[in-house]
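Here is a short briefing to read with the model open beside you. Take your time and find each residue as it comes up.

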Amino acid sequence: MAKAIAAVHPISVRFGREEKPMLLVLRARAKASKRTLSEQMKYFAHLGIVASDNPDLPMNFIEGVLEGIEESRAGLSVPYEWGVLK
């Protein structure tokens, strides 16, 4: 049986004057990644949580693992045959 997920209410995030450069970077990265600002902030929050839980791993490795997980979920993975080189 699936767990019931509590309703999540939207929250607002405010950026002060001193955080304007960060907001500009977020907007630029969101546009480059074809995401909304909200989606980009969620993506970076997710990366931050994973990076915090795995401080010994480089960020590009973490992003590669997350990308690999999504590719596997999409059915794009191929099982590895141990000892077989192709």
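This is a predicted model: local features need pLDDT of at least 70, side-chain atom pairs count only at pLDDT 80 or more; totals for chains, interfaces and linings use all residues.

Residues are numbered from 1 along each chain as its sequence is written, and side-chain values use heavy atoms, with hydrogens and water left out.

**How α1 and α2 meet**

- Helix α1 covers residues 20-32 and helix α2 covers residues 37-53; helices here are DSSP runs (H or I, at least four residues), numbered from the N terminus.
- The two helices pack at an angle of about 100 degrees, and their axes are 9 Å apart; axes are lines fitted to C-alpha atoms over the stretch in contact, and angles run from 0 to 180 degrees between N-to-C directions.
- α1 and α2 are therefore roughly perpendicular to each other, a label for angles of 65 to 115 degrees.
- From α1, the residues L23, L26, R27, R29 and A30 meet L37, Q40, M41 and F44 of α2; contact means heavy atoms within 4.5 Å.
- The residues of this contact divide into six nonpolar, one polar and two charged. Ala, Val, Leu, Ile, Met, Phe, Trp, Tyr, Cys and Pro count as nonpolar, Asp, Glu, Lys and Arg as charged, and the others, Gly among them, as polar.

- Q40 has its place in helix α2.
- With a relative accessible area of 1%, Q40 is buried; buried means under 20% relative accessible area, exposed over 50%, and partly exposed in between (1.4 Å probe, protein chains only).
- Not counting residues up to four places away in sequence, Q40 touches L26, R29, A30, S33 and R35.

- K34 lies in the loop between α1 and α2.
- K34 is not a glycine, yet it has a positive phi of about 60 degrees.
- K34 counts as exposed, at 74% relative accessibility.
- R14 sits in the segment before α1 and is exposed, with a relative accessible area of 74%.
- R14 and N60 are 46 residues apart in sequence, and their C-alpha atoms are 28 Å apart in space.

- I62 belongs to helix α3, which covers residues 59-73.
- I62 counts as buried, at 3% relative accessibility.
- Leaving aside neighbours within four places in sequence, I62 is in contact with L47, V50, A51, N54 and L57.
- I62 and L47 are 15 residues apart along the chain, and 7.7 Å separates their C-alpha atoms.

**Aromatic rings**

- How many aromatic pairs does a search of the whole structure find? The search finds two; rings of Phe, Tyr and Trp (its six-membered ring) pair if their centres lie within 6.5 Å, and planes under 30 degrees apart count as stacked, over 60 as edge-to-face and the rest as tilted.
- The rings of Y43 and F44 have centres 5.8 Å apart and planes at 45 degrees, so this pair is tilted.
- Y43 counts as partly exposed at 23% relative accessibility, and F44 counts as partly exposed at 30%.
- The rings of Y80 and W82 have centres 4.9 Å apart and planes at 90 degrees, so this pair is edge-to-face.
- Y80 and W82 are both exposed.
- R35 lies over the face of Y43, at 4.0 Å from the ring centre; a charge sits over a ring if NZ of Lys or CZ of Arg is within 6 Å of the ring centre and within 35 degrees of the ring normal.

How values were computed
Angles under 35 degrees count as roughly parallel, over 145 as roughly antiparallel, 65 to 115 as roughly perpendicular and the rest as oblique.
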